[in-house]
Amino acid sequence: MARGLWGVVVAAFLWASAPAAAQSGDARILAAREALRSGDRNTLERLAAQREPHELDAYVHYWLLFNKLARPEPPPAAELQAFLHTHAGSLLAERLLADWLRRLAKDGQWRAFLDLYPALERPDEELVCHAWFARLLYGDPRVAAEVAELWTERVNNHAACLPVLRTLAIERQVTVDALWWRIRRQVEQRDTAPALATLEWLPAGEAPAATAFSRAMENPGQYLARLQPAALGPRHGRELALAAIVRLAREDLWGAHQSLQRLQHALGPDMVAQAYAALALRAAYQQLPQAVAWFAAAGNAPLSAEQRAWRVRSALRAGDWGRVRQAIEALPAAEREQPEWVYWLARAQAELGNPTAARLLFEQIAGQPHFYGMLAGEEIGQVFSLPPRRGTPSEADRARAAADPGLRRALALYRLDMRLDAVREWNWALRGRDEGFLVAAAELALRHDIYDRAINTAELANAGDYFDLRFITPYRQVIEPQVRRQGLDMNWVYGLMRQESRFIAPARSSAGAQGLMQVMPATGKWVAGKIGLPNFNPRMLTDPDTNVLLGTSYMRIILDELDNHPVLASAGYNAGPSRARRWRDERPLEGAIYAETIPLDETRDYVKKVMANTVIYAAVLEGRPQSLKARLGVIAPRPPGS
């Protein structure tokens with residue numbers, strides 16, 4: 001190794017290995033952050049004027065400019081440009097540019113917005129929509145095609161998208177059919193205000209009165225009960241009836257079906273098909289057998305991505321492999337190529353007596369270290385086992401990671417407990433990096449006990465390798481005694497904990513779940529009472545020992561309640577034991593099908609990942625091949641009347 005490189009390695013190692021103690025200048029950074037939070041402009045300006053060498057010095061200047069952008073008179077463009085030039089390529093330059101663009105949009109300075117926007121590397125949805133609107137103002141004819149997806153799939157858009165959509169609708173660059181499609185999708189949501197807004201974009205004479213629409217949405221059952229088929233002559237009358245049926249299906253599926261049957265001749269075949277698609281989706285969510293027939297009644301009606309997916313799942317739950325194959329083959333190519341549909345199409349081909357076609361599909365994803373890759377592998381005799389690690393990063397790779405300015409800033413932010421900013425800096429530093437750098441960065445994170453970045457960075461390096469970094473076992477001295485005490489599977493506990501928190505002890509979800517095992521305060525209090533833990537306080541959930549005690553105790557309780565089955569218990573841990581019980585079928589159900597047909601998106605994804613994690617942890621900790629199918633097993637039927 002060259003002498004100069006060796007010096008870099010030594011210096012980087014010493015810096016990276018230093019204890020997480022307060023560094024010179026930290027007080028100024030923390031004071032500046034507090035000044036920003038409290039709106040203390042004078043203190044912020046005074047601190048920004050100071051010159052102290054510190055990894056986070058640029059943050060003080062960024063916070064000052066951010067503060068100035070919020071003032072009635074924004075800072076001169078030259079001042080903002082100077083920061084962008086000095087810190088070109090950095091996360092803070094990207095953030096300041098985004099802040100500046102938002103201010104320009106707010107002020108209606110669209111020409112200046114368009115001049116600056118191309119320099120933004122990763123615009124969020126708000127800025128993308130502002131850019132579309134600015135381009136519309138300057139006559140860009142390509143915008144309508146770019147926005148097309150928002151009409152059919154993404155009906156819950158950022159508010160910044162609404163001026164774009166409104167303009168396109170008013171200028172008749174979108175069809176009336178697309179507008180009504182959007183309205184139907186929006187009335188399926190909890191809040192009907194967006195649907196009412198879209199209604200106003202219809203051409204004059206094409207829309208029902210806003211009062212009639214509001215009445216139909218507020219009490220769709222009553223509206224439909226009073227509606228006579230003779231009133232459905234104009235299109236907007238039929239559309240309003242259809243919207244009311246879709247709305248009613250949220251709260252009274254059978255009442256909606258009864259109204260559809262009464263009005264179907266007046267509605268006409270196309271609208272009846274659309275209504276059946278909406279009813280079928282609700283029936284599928286409720287895991288009702290009628291979902292299959294209602295999707296069939298929808299015929300060739302255009303379906304949303306959500307409806308297309310649940311057409312497959314309803315047939316899967318019914319064990320109708322012919323319809324499973326038909327529904328998957330009808331998916332758009334991009335959806336059909338997703339691992340879940342490759343796997344289930346292969347299963348359908350196998351069940352329908354087409355083993356050659358099935359094997360070709362299984363081979364497409366077999367061996368990939370995820371839920372479907374593991375299952376596909378087992379179908380062709382490849383039980384999951386850990387591949388040999390391809391190698392370790394070189395000393396030069398480790399030196400590059402340790403000396404990287406972005407990673408150094410991230411570590412400084414972690415030291416000051418500024419986790420959100422730290423994660424942003426870390427992720428920004430990884431973009432476009434080679435595998436050697438990424439693995440070295442994952443090792444750096446692990447040395448600093450930043451477990452979530454270690455896992456995610458190693459996964460970014462190679463999702464099929466580096467299992468020692470991606471499936472780490474921190475807090476083992478805390479976890480193992482509780483696992484033994486509760487009689488739990490260590491692999492399952494680690495698999496669940498990894499999915500819950502990525503081993504971030506202070507993690508807190510938007511719903512209020514806390515700690516390594518993401519225990520809700522109410523659940524923690526209940527479990528504490530069950531196990532005799534005195535003086536419970538929600539603050540105790542951030543303590544790893546207490547959190548693991550309560551979390552593993554809860555796992556034991558729900559495992560006992562749910563047939564001692566880890567699939568049911570994983571679902572119960574995430575969504576509650578009563579839901580996990582309710583999602584069983586009247587007949588024995590393959591564990592993989594149970595998981596695939598969980599009606600909550602979050603829980604469905606959660607259960608699959610927990611179970612795949614469990615298999616990988618078992619391979620890591622036990623050092624031998626593992627079967628996911630064996631762990632998924634069969635879900636016993638729910639008792640009659642439950």
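**Figure 1. Gln-287 lies in the loop between helix H17 (269-285) and helix H18 (290-298).** The model shown here and in the other views is predicted. Most residues other than glycine have a negative phi. Gln-287 is not a glycine, yet its phi is positive, at about 55 degrees. Its relative accessibility is 13%, so Gln-287 counts as buried.

**Figure 2. Tyr-475 has a positive phi.** The value is near 60 degrees, in a residue other than glycine. Tyr-475 belongs to the loop between helix H30 (467-470) and helix H31 (476-486).

**Figure 3. Cys-129 and Cys-161 form a disulfide.** A disulfide is a covalent bond between the sulfur atoms of two cysteines. A search of the whole structure finds one disulfide. The sulfur atoms of Cys-129 and Cys-161 are 1.9 Å apart. The torsion about their S-S bond is about 45 degrees, and the disulfide is therefore right-handed. The pair links distant parts of the chain, 32 residues apart. Cys-129 sits in helix H8 (residues 125-137), while Cys-161 sits in the loop between helix H9 (143-152) and helix H10 (162-170). Cys-129 is buried, at 1% relative accessibility. Cys-161 is buried too, with a relative accessible area of 1%.

**Figure 4. Helix H35 (residues 566-575) crosses helix H38 (residues 601-622).** Two packed helices are described by the angle between their axes and the distance between the axes. Here the axes come within 9 Å and cross at roughly 135 degrees. That angle makes H35 oblique to H38. The crossing of H35 and H38 is right-handed. On the H35 side, the contact is made by Pro-566, Val-567, Ser-570, Ala-571, Tyr-573, Asn-574 and Ala-575. H38 meets them with Glu-602, Thr-603, Tyr-606, Val-607, Val-610 and Met-611. By class, the residues of this contact are nine nonpolar, three polar and one charged.

**Figure 5. Helix H6 (residues 91-106) packs with helix H27 (residues 419-430).** The packing angle is about 110 degrees, and the axes are 10 Å apart. H6 is thus roughly perpendicular to H27. H6 brings Leu-91, Leu-92, Glu-94 and Arg-95 to the contact. Their partners in H27 are Asp-421, Arg-424, Glu-425 and Trp-428. Sorted by class, the contact of H6 with H27 has five charged residues, three nonpolar and no polar.

**Figure 6. Ala-32 is placed in helix H2 (residues 26-38).** Ala-32 is buried, with a relative accessible area of 0%. Setting aside neighbours within four places in sequence, Ala-32 is in contact with Leu-44, Leu-47, Val-60 and Trp-63. Ala-32 and Leu-44 are 12 residues apart in sequence. In space, the C-alpha to C-alpha separation of Ala-32 and Leu-44 is 5.6 Å.

**Figure 7. Asp-57 belongs to helix H4 (residues 57-69).** The relative accessible area of Asp-57 is 18%. Buried means under 20%. Asp-57 is therefore buried.

How values were computed:
Residues are numbered from 1 along each chain as its sequence is written. This is a predicted model: local features need pLDDT of at least 70, side-chain atom pairs count only at pLDDT 80 or more; totals for chains, interfaces and linings use all residues. Side-chain values use heavy atoms; hydrogens and water are left out. Axes are lines fitted to C-alpha atoms, for helices over the stretch in contact, and angles run from 0 to 180 degrees between N-to-C directions. Helices (H or I, at least four residues) and strands (E, at least two) are DSSP runs, numbered from the N terminus. Angles under 35 degrees count as roughly parallel, over 145 as roughly antiparallel, 65 to 115 as roughly perpendicular and the rest as oblique. Contact means heavy atoms within 4.5 Å. Ala, Val, Leu, Ile, Met, Phe, Trp, Tyr, Cys and Pro count as nonpolar, Asp, Glu, Lys and Arg as charged, and the others, Gly among them, as polar. Buried means under 20% relative accessible area, exposed over 50%, partly exposed in between (1.4 Å probe, protein chains only). A disulfide is a pair of cysteine sulfur atoms within 2.5 Å. A crossing is left-handed if the near helix is turned anticlockwise from the far one by less than a right angle, and right-handed if clockwise.
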